[in-house]
Number of protein chains: 2
Amino acid sequence: MFSSAMFSPQPIGYARTPYTNTKQIPKGLNAEHNAEGVLEILAQFEAGLTDIEGFSHLFVLWMFDRSEGFDLVSTPPCDNSRPHGVFATRSPRRPNPIGLTVVQLQSRERNLLQVRGVDMLDSTPILDIKPYMSSIPPETLRRGWLAEAEARARS
Amino acid sequence: MFSSAMFSPQPIGYARTPYTNTKQIPKGLNAEHNAEGVLEILAQFEAGLTDIEGFSHLFVLWMFDRSEGFDLVSTPPCDNSRPHGVFATRSPRRPNPIGLTVVQLQSRERNLLQVRGVDMLDSTPILDIKPYMSSIPPETLRRGWLAEAEARARS
């Protein structure tokens, strides 16, 4: 079932974060991700950061490099009411172990991006960075099981 | 520079879209992405979609499978005022050829997700789907060269 023409992922850099163990990462309902970290981009990719300072927020794509295998269905810690499909969660145990985090860009010095909002382990390989260009208006969002679990937690 | 422990990407499905040629895809300032399409998930991953219907919007990670090589710096068609680094653009020519699109989920039938907002070519391999859980408030966004180019286009 593997395609003949996929690619070989390579790190463009590594995340420096306060987290050495997944237990330290805030999870669950209302988890706040305000931790500061550094995206350390490899020197040979530094030119790719040209002009990035103009963006306040970035998408960071990274690899769950300390996760093995995947579960199609699981029960997240913040909602044990019923199991959810992996594509309806942020579980690390995914068919392709790619993580996605929105961070706030605070400053750049050469190949180092100082950011806020990291939620990955220290030394996580970074695969890509993209500018965050627009938001879905919050009033148009439906958030499924997450909203239901939040409502239960409040009541 | 390749890490010893990267992963082998595999398609979890394929996008069915109206676009067979990149020239057909709306690009540039104010490009609207309202095209409808179908995310056809492979049967063996269908269980991973459990409960996804509750979300109005999804992140789709996919592969630029018809793009080869990368440019660290380039001049996007909508802004020839100066070159931009690849990580400050959505260029397909990236070190890891991964695309990211936010789509609106309209309905699901078994392994088929009917969505709005596709901007990838027909038959594009899908790598991952994640729920869109929250938005950065639009008033806090800075959008760098894109905002500058929009301002120039209006004047």
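Mentor: Start with A:Ile126. Leaving out residues up to four places away in sequence, A:Ile126 touches A:Pro11, A:Ile12, A:Gly13, A:Tyr14, A:Ala15, A:Leu39, A:Val60 and A:Trp62. To touch is to be in contact: the C-beta atoms, placed from the backbone, lie within 7 Å. This is a predicted model, where local features need pLDDT of at least 70, side-chain atom pairs count only at pLDDT 80 or more, and totals for chains, interfaces and linings use all residues. Residues are numbered from 1 along each chain as its sequence is written, while chains are lettered from A and ligands numbered from 1 in the order in which they are written.

Trainee: Which residues touch the most other members of the largest nonpolar core?

Mentor: A:Ile126 and B:Ile126 do, in a core of 64 residues. A nonpolar core joins buried Ala, Val, Leu, Ile, Met, Phe, Trp, Tyr and Cys residues through C-beta atoms within 7 Å. Buried means 20 or more other C-beta atoms within 10 Å; exposed means 12 or fewer; partly exposed lies in between.

Trainee: What makes A:Asp51 partly exposed?

Mentor: A:Asp51 has 19 other C-beta atoms within 10 Å. A:Asp51 lies in the loop between E2 and strand E3 (57–63) of chain A. Strands (E, at least two residues) and helices (H or I, at least four) are DSSP runs, numbered from the N terminus.

Trainee: What is the phi of A:Asp51?

Mentor: It is positive, about 80°, although A:Asp51 is not a glycine. Most residues other than glycine have a negative phi.

Trainee: What about A:Ala47: why is it called partly exposed?

Mentor: A:Ala47 has 16 C-beta neighbours inside 10 Å, so it also falls in the middle class. A:Ala47 sits in the loop between E2 and E3 of chain A. Beyond its neighbours within four places in sequence, A:Ala47 is in contact with B:Leu72, B:Val73 and B:Gly85. A:Ala47 and A:Arg110 are 63 residues apart in sequence, yet 9.0 Å apart in space, C-alpha to C-alpha.

Trainee: Is B:Arg110 buried or exposed, and how do you know?

Mentor: B:Arg110 is exposed, because 9 other C-beta atoms within 10 Å is under the limit of 12. B:Arg110 has a positive phi of about 55°. B:Arg110 lies in the loop between E6 and strand E7 (112–116) of chain B.

Trainee: What lies between E6(A) and E7(A)?

Mentor: Two residues, in a hairpin; A:Arg110 in the turn has a positive phi of about 55°. Strand E6 (residues 98–109) of chain A and E7(A) run antiparallel, joined by five bridges. DSSP needs at least two bridges for two strands to pair, so five are enough. A:Glu109 has A:Leu112 of E7(A) as its bridge partner. A:Glu40 also stands opposite A:Leu112.

Trainee: Which residues form the covered face of E7(A)?

Mentor: A:Leu113 and A:Val115 form the covered face. A:Leu112, A:Gln114 and A:Arg116 form the uncovered one.

Trainee: In what order do the strands of the closed barrel in chain A run?

Mentor: The six strands run E1-E2-E7-E6-E3-E8, with antiparallel pairing. The twist averages 45° from one strand to the next. Such angles run from 0 to 180 degrees between N-to-C directions of axes, which are lines fitted to C-alpha atoms. Strand E2 (residues 36–41) and E7(A) pair over five bridges.

Trainee: How are the two copies related?

Mentor: A rotation of 180° with 0.0 Å of shift along its axis superposes chain B on chain A, at RMSD 0.0 Å. The copies are therefore related as by a two-fold rotation axis. B:Ser135 comes closest to the axis of the residues of chain B, at 2.8 Å (C-alpha). The same surface serves both copies: 100% of the contact residues of chain B recur in chain A.

Trainee: How many residues of chain B are in contact with chain A?

Mentor: There are 61, facing 61 residues of chain A. E8(B) gives the most to that side of chain B, with six residues. The side divides into 39 nonpolar, 14 polar and eight charged residues. Here Ala, Val, Leu, Ile, Met, Phe, Trp, Tyr, Cys and Pro count as nonpolar; Asp, Glu, Lys and Arg as charged; the others, Gly among them, as polar.

Conventions. Contact = placed C-beta atoms within 7 Å. Least-squares fit on C-alpha atoms with pLDDT ≥ 70 in both.
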